Amino acid sequence: MIVLPRGFTTIEALIAVALLAIVLAIGMPSMASWVGASGATNAAQFYAEGYTMARGQALANNSRSRLVFSENAQSGQLDWQVDVCFPVATDACTVGSNRWSSVEDAADAPEGGGVATRSVHRSAAALPRTAVLTITPNDDAGVVYFTELGWVDGGKPAVTRLDLTPAGDDAEAFVPTSVVLTLAGAVVTCRSEAQDGDSRKCP
């Protein structure tokens, strides 16, 4: 004799739906917090990579370099681009110099040396939008310059800190984070609101 499995009764179906609703109500805030924290972490890594690459280009090429930030049309966050410039006697790679590299054209190398080095551009289109994540630079100039030794050029504009905070109504989506560049060119990811004595506190 074959016994066919019976279906759900209305009461059983309602109980299952109620249990699912409870699980979702408990889990959704945690999921939103996890997604927010993950997006902030990825953004911090994205900008730390830009600082590190700019310093690395200066050291590797024995040249000047700069990290330039610009607004991304899709996410509203900051794209970055690393440019290189080889100083010569008549041009020390000033802010307005035309010797800086671009994505299309390599930097003008001095006679008898230098490698053809083009700019490196990274898009912030994949980062969380400004409605979720606010990124605040410490300088309106949108650029930081490095010397041949990898130090920040203190005589030029310098974005040496980016503060990443939750945007909108969900102020607790993730812990505010900062990406800080020291004058020696080291990059630190830290928490601006950490208590004194906490190793994660920003310098």
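The chat below goes through the core, a pocket and the disulfides.

A: Keep in mind that this is a predicted model. Ask away.

Q: Ok, which residues touch the most other members in the largest nonpolar core?

A: Tyr47, Tyr51, Phe69 and Leu162 do, in a core of 29 residues.

Q: And which elements give two or more residues to this core?

A: Helix H1 (10-61) is one of them, and the others are strands S1 (64-71), S2 (78-85), S4 (133-137), S5 (143-146), S6 (161-166) and S7 (177-181). H1 provides the largest share, nine residues.

Q: Back to phenylalanine 69. What is it in contact with, leaving aside neighbours within four places in sequence?

A: Its contacts include Tyr47, Tyr51 and Leu162, and those three are, like Phe69, among the core members that touch the most others. Phenylalanine 69 is also in contact with Leu78, Asp79, Trp80, Gly142, Val143 and Val159.

Q: Which residues does the second, separate core include?

A: It has five residues, among them Cys85, Cys93, Trp100 and Tyr145.

Q: Two cysteines there. How many disulfides does a search of the whole structure find?

A: Two. One joins cysteine 85 to cysteine 93, with an S to S distance of 2.1 Å.

Q: Are cysteine 85 and cysteine 93 buried or exposed?

A: Buried means under 20% relative accessible area. Cysteine 85 is at 0%, so it counts as buried, and cysteine 93 is buried because its value is 1%.

Q: What about the other disulfide, which cysteines form it?

A: Cysteine 190 and cysteine 202, with their sulfur atoms 2.1 Å apart. Cysteine 190 lies in strand S8 and cysteine 202 in the segment after S8, so the bond ties together parts that are twelve residues apart in sequence. Both cysteines are buried.

Q: Left-handed or right-handed, these links?

A: The link of cysteine 85 and cysteine 93 is left-handed, with -85° about the S-S bond. The link of cysteine 190 and cysteine 202 is right-handed, with 95°.

Q: New topic. What volume does the largest pocket have?

A: About 210 Å³.

Q: Which residues lie nearest its centre?

A: Thr41, Val175, Thr177, Thr189 and Arg191, out of twelve lining residues.

Q: Which element gives the most to that lining?

A: H1, with five residues. Strand S8 (187-190) supplies at least two.

Q: And how do the lining residues divide into nonpolar, polar and charged?

A: Six are nonpolar, four are polar and two are charged.

Methods
Residues are numbered from 1 along each chain as its sequence is written. This is a predicted model: local features need pLDDT of at least 70, side-chain atom pairs count only at pLDDT 80 or more; totals for chains, interfaces and linings use all residues. Side-chain values use heavy atoms; hydrogens and water are left out. A nonpolar core is a set of buried Ala, Val, Leu, Ile, Met, Phe, Trp, Tyr and Cys residues joined through side-chain atoms within 4.5 Å. Buried means under 20% relative accessible area, exposed over 50%, partly exposed in between (1.4 Å probe, protein chains only). Helices (H or I, at least four residues) and strands (E, at least two) are DSSP runs, numbered from the N terminus. Contact means heavy atoms within 4.5 Å. On a 1 Å grid over the protein atoms alone, a cavity is a set of points where a 1.4 Å probe fits but cannot get out, and a pocket is an open set with protein on both sides within 12 Å along at least five of seven lines; lining residues have an atom within 4 Å of a point. Grid points are joined across faces, edges and corners, and a volume is the space filled by probe spheres set on the points. Ala, Val, Leu, Ile, Met, Phe, Trp, Tyr, Cys and Pro count as nonpolar, Asp, Glu, Lys and Arg as charged, and the others, Gly among them, as polar. A disulfide is a pair of cysteine sulfur atoms within 2.5 Å.
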